[in-house]
Amino acid sequence: MAPAKQILILSYSFSGQTSCLTRRLKAGLESQGHHVLKERLEPYEPLKFPTGSIFTCLKMMAITFFRHRIAIPPPPDTANQHFDLIILAGPTWSYNPSGPVLYLIDNYGKKIFSGKTVLPLISCRGYWRMHWFGLKKMLERCGSNVPNCLVFSHPNKEPWRTIGVFMKIAGKAPEHAAFLKNHYKKFGHSKEQQDEAERLGAIIGRALNEGKSLPELKLHTPIALP
Ligand SMILES: Cc1cc2nc3c(=O)[nH]c(=O)nc-3n(C[C@H](O)[C@H](O)[C@H](O)COP(=O)(O)O)c2cc1C
């Protein structure tokens, strides 16, 4: 049996979707015998979910479009030890990584990510490519190897998905809105996608044990990215 790898999951979650995926991903990695440390990124001033109104939701979307950084304290010293793999998880905000993740990379990126293999996990409603390309570039500038990524998009059809996410962030209940409830049953990731996160965790864990290369893993499955 190959020696257990040390894996760090660093994650930020605004509305709980990334958290439900990383919890299951961790279980999948641990099922293959690896040691997984999970650290949550928490802004100095926690953001309020839901934002409370259409106006505050629109304001957040506009600000995040310009890659607004949200200050977070330095990750604990345990995040600086040796890791065979780091998973950097968080939502897409206006086609970009979220503010806490941008701040993390700007301020602590070289120290945490230099010389490490980093696998981003993206939770989004469906528009993740710009986020992925930008994040990969930022991490590579810190000296990381970024071989692949995990992407989970909400499994609802458009335009209901966009309307539903917007309403949920603003604090409305899209599942109960008369015009939406037949098209939009649930905000965020499905139970199948959470199961898929655990399955993909096990696949990554097995690849680490067998010395297989991460770029070749098929992580963009029809369940994760419907
Ligand atoms: C301010 C804001 C902007 C967003 N912009 C996008 C976007 O550009 N593309 C997308 O696919 N999803 C976007 N979303 C949706 C989130 O990425 C999605 O709901 C994700 O699952 C949330 O993860 P979390 O609960 O871990 O924060 C946005 C959400 C917020 C709050």
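Colleague: How far is the ligand oxygen from the backbone of Gly16?
Modeller: This is a predicted model. In it, a polar backbone atom of Gly16 sits 3.0 Å from an oxygen atom of the ligand.

Colleague: And which part of Thr18 faces a ligand oxygen, side chain or backbone?
Modeller: The side chain. A polar atom there is 2.5 Å from an oxygen atom of the ligand. Gly126 uses a backbone N or O atom, at 2.9 Å from a ligand oxygen.

Colleague: How much of the ligand's accessible area does the protein cover?
Modeller: 98% of the 640 Å² that the ligand has on its own.

Colleague: Which residues come nearest?
Modeller: Ser13, Ser15, Thr18, Tyr95 and Ser123, out of 23 residues around the ligand.

Colleague: Switching to helices. At what angle do α3 and α4 pack?
Modeller: About 35 degrees, with the axes 9 Å apart. Helix α3 covers residues 99-113 and α4 covers 129-141.

Colleague: Is that crossing left-handed or right-handed?
Modeller: The α3 and α4 crossing is right-handed.

Colleague: What meets what there?
Modeller: From α3, the residues include Leu102, Ile105 and Phe113. From α4, they are Leu135, Met138, Leu139 and Arg141. By class, this contact has seven nonpolar residues, three charged and no polar ones.

Colleague: Now the backbone. Where does Pro50 sit, and what is its bond to Phe49?
Modeller: Pro50 is in the loop between β2 and α2. The Phe49 to Pro50 peptide bond is cis, with omega about -5 degrees. Glu158 and Pro159 are also joined by a cis peptide bond, with omega about 5 degrees. Pro159 lies in the loop between β6 and α5.

Colleague: What is the phi of Arg67?
Modeller: Positive, about 55 degrees, although Arg67 is not a glycine. Arg67 is in the loop between α2 and β3.

Notes
Residues numbered from 1 in each chain as written. Predicted model: local features only at pLDDT ≥ 70, side-chain atom pairs only at ≥ 80, totals over all residues. Heavy atoms only, no water. Axes fitted to C-alpha atoms, helices over the stretch in contact; angles between N-to-C directions. Helix = DSSP H or I, 4+ residues; strand = E, 2+ residues; numbered from the N terminus. Left-handed = near helix turned anticlockwise from the far one by under 90°. Contact = heavy atoms within 4.5 Å. Nonpolar A, V, L, I, M, F, W, Y, C, P; charged D, E, K, R; others polar. Near = heavy atom within 4 Å. Polar contact = N/O pair within 3.5 Å; in protein donor to acceptor, adjacent residues only side chain to side chain. Areas by Shrake-Rupley, 256 points an atom, 1.4 Å probe, with all protein chains shown as cover.
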